[in-house]
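Thanks, everyone, for making the time this morning.

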Amino acid sequence: MEKILSEKLAVLQRQLEMTQQAIPPMKEMTNTWASLQKLPENMQALQEGLENLRVSTKEDLQMLRVELKGGFFIEQCYKVDVTLNADTAHPRLEVSEDGKSVTDTGVIRQVPSKEERFDSHTFLLAKEGYASGRQYWEVDVGRRRNWILGVASESVARKGTMTLSPENGFWVIGLADGEEYWAHTDPWTPLTLSGRPEKIGIFLNISANTLSFYNAKKKTALYTFTSIGGSKQERKFIPFFSTGSSGSVHDTEPLKIVQEFDDDD
C-alpha cells in the first residue's frame, strides 16, 4: 500500500510541476492578454499577406508555365504586341493594313520619302522599341526560302548599303536561299537546325543582356546573342524584319507576326 501511495504521490507531483510550468507569470499573462486583444488586427494582416503571396505565386507560375525542351524557358507572360512600322519599310515591301504582316512585292513602289525608311535593303522595323525588361514575340516565316529576324538598335543607319552585324547595331539570324541558316555575327556563324522551323520565337531579355531565338513549334533553342548592346546604359532595341537579300529568288509568301501562340507541347 505504501508503495502504491508513493507512486501516486510521485505522479501528482509531476502533474503539479507540469501545471506550474504551463501557467505563465503574471507579467507574461498581461502580455498574452494584450496579444489576444490585437489578434483580430494580426489576423487581418495575415490574411492580406497570404492573399499577396497567392497572387505573387500565381504570377510566378504563369511566367514559368511554358517549359522548353532541353531546359530552356520562354515566359509567355512576356509576350508583346508587335506592329510593323510601314514608314521604315524598303519600297519593295508592303505592310498589311493591320501592321501584322509584310510582303515583298518584287518591285520598287512609289512611297513617301521618310528619314527612317531603309532605302538599299529590304528591311523594316516594328513601331515598338524596348529599353528594359523582357519581351517575347513570334514570327511565322512559313515556307519562305529567305528571311532575317531579330532586333536592331534604334540608332542604326537607314540609308545606303550596310552589313548586318552586332557592331552595326543588328542582332539577327536568317535563312538564305532555303538552304543555310546563319547568325549574322562577324564573321557569320552557321547554324545547324533539325528540320525547317515555320515559326521563330524571339526572346529579348534586356535584363540579362541577351537575345534568344527558338523554333516556336518544337520549343527548341536556335541561337543566343550575349552582351547585346555592349555596356551602353541608354539603349533601345526594336524588332527587325527582312525578306532577305534582294538578289535572292523572290518569295511571295509574307512574314507574319504571330498573334496566337500554339498550345501544343
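In this predicted model, Arg 92 and Asp 104 form a salt bridge in which the closest N and O atoms are 2.6 Å apart. The two partners come from distant parts of the chain, Arg 92 sitting in the loop between helix 3 (39-63) and strand 1 (93-95) and Asp 104 in strand 2, 12 residues apart. Arg 92 is buried, with a relative accessible area of 12%, and Asp 104 is buried as well, at 6%.

Asp 251 forms a salt bridge with Arg 144, where the closest N and O atoms are 3.6 Å apart. Here Asp 251 lies in the loop between strand 12 (237-242) and strand 13 (255-257) and Arg 144 in the loop between strand 4 and strand 5, so the pair ties together parts that are 107 residues apart in sequence. Both Asp 251 and Arg 144 are buried.

Now for charged residues without such a partner. Arg 117, in the loop between strand 2 (101-104) and strand 3, is buried yet has no salt bridge, and the nearest side chain of opposite charge, that of Asp 87, is 4.6 Å away. What does the side chain of Arg 117 reach at 2.7 Å? It reaches the backbone oxygen of Ala 89, and a polar atom of the Arg 117 side chain also lies 3.0 Å from the backbone oxygen of Pro 112.

Glu 128, in the loop between strand 3 and strand 4 (134-140), is likewise buried without a salt bridge, its nearest side chain of opposite charge being Lys 100, 5.8 Å away. The side chain of Glu 128 does, however, reach the backbone nitrogen of Thr 83 at 3.0 Å, and beyond its neighbours within four places in sequence, Glu 128 has contacts that include Asp 81, Val 82 and Phe 237.

Six of them make an open sheet in the order 3-12-5-6-7-8, with antiparallel pairing. Strand 3 (123-125) and strand 8 (189-191) stand at the edges with a single partner strand each, so one side of each has no neighbour in the sheet.

Within this sheet, six of the seven residues of strand 6 (residues 170-176) are buried, so strand 6 is largely enclosed by the rest of the structure. Strand 6 pairs with strand 5 (residues 147-153) over six bridges, with Val 151 standing opposite Trp 171, and with strand 7 over four bridges, where Ile 173 stands opposite Ala 183. The hairpin of strand 6 and strand 7 has three residues between the strands, and in it Asp 177 takes a positive phi near 55°.

Note on methods:
Residues numbered from 1 in each chain as written. Predicted model: local features only at pLDDT ≥ 70, side-chain atom pairs only at ≥ 80, totals over all residues. Heavy atoms only, no water. Pairing = 2+ DSSP bridges. Helix = DSSP H or I, 4+ residues; strand = E, 2+ residues; numbered from the N terminus. Buried < 20%, exposed > 50% of the residue type's maximum accessible area, 1.4 Å probe, protein only. Lys, Arg positive; Asp, Glu negative; His and termini not counted. Salt bridge = Lys/Arg side-chain N within 4 Å of Asp/Glu carboxyl O. Polar contact = N/O pair within 3.5 Å; in protein donor to acceptor, adjacent residues only side chain to side chain. Contact = heavy atoms within 4.5 Å.
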